Amino acid sequence: MGNHPFKDSNLTKKEINRLRKIIKDVKGKQGDELNEEEFKVVFGRWLHKSQSDLEPVDIAQIFSACDTDKSGTVNTKELVAWLSIYQKGSTEEKLMAVFELFDADGNGVLTGEEIEQVLKSLHFSITSRGLSQSKALDSAQEKVHKLLTGHGVITKEQWLKIGKKTNLIEDLLGPEFVRLMDGN
């Protein structure tokens with residue numbers, strides 16, 4: 001069958017085929033580029049969740065994170081890569097993905113400005129869904145600000161160290177998101 005385009009994925013071949021089938025059921029013969037509404041349907045079916053089960057998480061933010069080429073659509077390759085990390089990946093893989101998402105200029109360190117921008121967007125995401133600012137977000141802010149104190153930047157190594165010692169992923173992404181991706 002030649003080179004498998006998802007050979008580095010944490011998803012099994014069976015899971016990738018299931019995802020492709022879900023996408024085909026939603027798209028028909030129209031390819032695999034999903035708009036946000038189609039993505040929401042595919043994402044729910046993939047996780048065996050109803051649309052109401054998905055309400056506690058910010059699907060628009062997940063869609064945006066999956067759309068790595070910023071085309072306004074998500075294709076199978078982008079979705080497999082995202083699920084490979086956030087559903088099947090190790091804590092370290094998740095921490096690295098979040099770090100890279102935050103590192104807006106790609107220089108390998110997080111500056112105070114980059115951290116503030118991310119925390120603002122997370123706060124907006126939480127409050128725009130009608131939730132109060134969570135203790136998790138407060139906790140994430142406290143942990144990240146402790147890392148920034150004295151250094152002005154956070155290195156990947158520091159990020160991984162604090163992330164492995166604490167619940168930083170859950171604090172940043174939200175307990176609802178973590179439970180959803182863990183299948184609980």
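Student: Why does Lys70 count as exposed?
Tutor: This is a predicted model, and the value is computed from it. Lys70 has 57% relative accessibility. Exposed means over 50%, so Lys70 counts as exposed.

Student: Where is Lys70 found?
Tutor: In the loop between α3 and α4.

Student: Which phi does His48 have?
Tutor: A positive one, about 60°, and His48 is not a glycine either. His48 lies in the loop between α2 and α3.

Student: How do you know whether His48 is buried or exposed?
Tutor: Set the value against the cut-off. His48 has 65% relative accessibility. The limit for exposed is over 50%, so His48 counts as exposed.

Student: Why does Asn75 count as buried?
Tutor: Asn75 has 15% relative accessibility. Buried means under 20%, so Asn75 counts as buried. Asn75 is found in the loop between α3 (59–66) and α4.

Student: What does Asn75 touch?
Tutor: Asp32 and Glu33, leaving aside residues up to four places away in sequence.

Student: What makes Asn75 a cap of α4?
Tutor: A side-chain oxygen of Asn75 lies 3.1 Å from the backbone nitrogen of Lys77. A polar contact needs N or O atoms within 3.5 Å, so the pair at 3.1 Å passes. The cap sits at the N-terminal end of the helix.

Student: Why is α4 described as largely enclosed by the rest of the structure?
Tutor: Count its buried residues. Helix α4 covers residues 76–86, and eight of its 11 residues are buried, so the description holds.

Student: Which residues of α4 are the buried ones?
Tutor: Thr76, Glu78, Leu79, Val80, Trp82, Leu83, Ser84 and Tyr86.

Student: What is needed to describe two packed helices?
Tutor: The angle between their axes and the distance between the axes.

Student: Why are α3 and α4 called roughly perpendicular?
Tutor: Their axes cross at roughly 110° and come within 9 Å. Angles of 65 to 115 degrees count as roughly perpendicular, so α3 and α4 get that label.

Student: Which residues of α3 and α4 meet?
Tutor: Ile62, Ala65 and Cys66 in α3 meet Glu78, Leu79 and Trp82 in α4. By class, this contact has five nonpolar, no polar and one charged residues. Glu78, Leu79 and Trp82 are also among the buried residues of α4.

Student: Which hand does the crossing have?
Tutor: α1 passes α2 in a right-handed crossing.

Student: Which residues make the contact between α1 and α2?
Tutor: From α1, they are Glu15, Arg18, Leu19, Ile22, Ile23, Asp25, Val26 and Lys27. From α2, they are Glu38, Val41, Val42, Arg45 and Trp46.

Student: How many residues of each class does the contact of α1 with α2 have?
Tutor: Seven nonpolar, no polar and six charged.

Student: How far is Lys24 from Val42?
Tutor: 9.6 Å in space, C-alpha to C-alpha, and 18 residues in sequence.

Student: Why is Thr91 called partly exposed?
Tutor: Thr91 lies in helix α5 (residues 91–102). Its relative accessible area is 46%. Buried is under 20% and exposed over 50%, with partly exposed in between, so Thr91 is partly exposed.

Student: How far apart are Thr91 and Lys164?
Tutor: 73 residues in sequence, and 7.2 Å from C-alpha to C-alpha.

Student: What does the whole chain contain?
Tutor: 10 helices and two strands. Their order is α-α-α-α-α-β-α-α-β-α-α-α. Buried residues make up 40% of the 184 residues.

Conventions. Residues numbered from 1 in each chain as written. Predicted model: local features only at pLDDT ≥ 70, side-chain atom pairs only at ≥ 80, totals over all residues. Heavy atoms only, no water. Buried < 20%, exposed > 50% of the residue type's maximum accessible area, 1.4 Å probe, protein only. Helix = DSSP H or I, 4+ residues; strand = E, 2+ residues; numbered from the N terminus. Polar contact = N/O pair within 3.5 Å; in protein donor to acceptor, adjacent residues only side chain to side chain. Left-handed = near helix turned anticlockwise from the far one by under 90°. Contact = heavy atoms within 4.5 Å. Nonpolar A, V, L, I, M, F, W, Y, C, P; charged D, E, K, R; others polar. Axes fitted to C-alpha atoms, helices over the stretch in contact; angles between N-to-C directions. Parallel < 35°, antiparallel > 145°, perpendicular 65-115°, else oblique.
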